Amino acid sequence: MRQELLPGRHGRAGCGIVKCKEFMAATVEISVPDTLLKALGAEPAELPRQTLEALIVQAFRKGQLTHAQVGELLELNRFETDGFLKNAQAFRVREGEEFASDLESLRRISK
């Protein structure tokens, strides 16, 4: 097992690019042009975590991950996960439709 694990969002060891919650993850290497690195304002050491978070956000938006799975992958509690998804503006397209449907149902019930 690789010893250089990147800490999680809150500095917790064990949730990094290589190992998270006792399972092995794929290692992906990419080349990032300097112009993108500068545009992101990121240090090279921050890119693995930022990339992981971006992939998780996209998977959540597509409905491939649940709220609970996002929290588990990033080692966040429910409220931290809410904040993370809100900051990332990670809303599902269907969430708005579901909310509107629920609101309409509540209006019918309350009459």
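Biologist: Does E75 count as buried or exposed?
Modeller: This is a predicted model. In it, E75 sits in the loop between α3 and α4. Buried means under 20% relative accessible area. The relative accessibility of E75 is 16%, so the residue counts as buried.

Biologist: What phi does E75 take?
Modeller: Most residues other than glycine have a negative phi. E75 is a residue other than glycine, yet its phi is positive. This residue comes just after α3, and its phi is about 55°.

Biologist: Q89 also has a positive phi although it is not a glycine; does Q89 count as buried or exposed?
Modeller: Q89 is placed in the loop between α4 and α5 (93-110), with a phi of about 50°. Exposed means over 50% relative accessible area. Q89 has 57% relative accessibility, so it counts as exposed.

Biologist: Which residues of helix α3 are buried, and where do they lie on the helix?
Modeller: Helix α3 covers residues 67-74, and its buried residues are V70, G71 and L74. Seen down the axis of α3, they fall within an arc of 95°, so they line one face of the helix.

Biologist: Which elements do the buried residues of α3 pack against?
Modeller: The elements of the protein chain run β-β-α-α-α-α-α from the N terminus on. The buried residues of α3 pack against two of these elements, α2 (47-61) and α4 (78-87).

Biologist: What share of the protein chain counts as buried?
Modeller: The accessible surface of the protein chain is about 8400 Å², with 55% of it belonging to carbon and sulfur atoms. Of its 111 residues, the share that counts as buried is 23%.

Technical notes:
Residues are numbered from 1 along each chain as its sequence is written. This is a predicted model: local features need pLDDT of at least 70, side-chain atom pairs count only at pLDDT 80 or more; totals for chains, interfaces and linings use all residues. Side-chain values use heavy atoms; hydrogens and water are left out. Helices (H or I, at least four residues) and strands (E, at least two) are DSSP runs, numbered from the N terminus. Buried means under 20% relative accessible area, exposed over 50%, partly exposed in between (1.4 Å probe, protein chains only). Accessible areas come from the Shrake-Rupley method with a 1.4 Å probe; for residues, only the protein chains shown count as cover. The arc is that of the directions from the helix axis to the C-beta atoms. Contact means heavy atoms within 4.5 Å.
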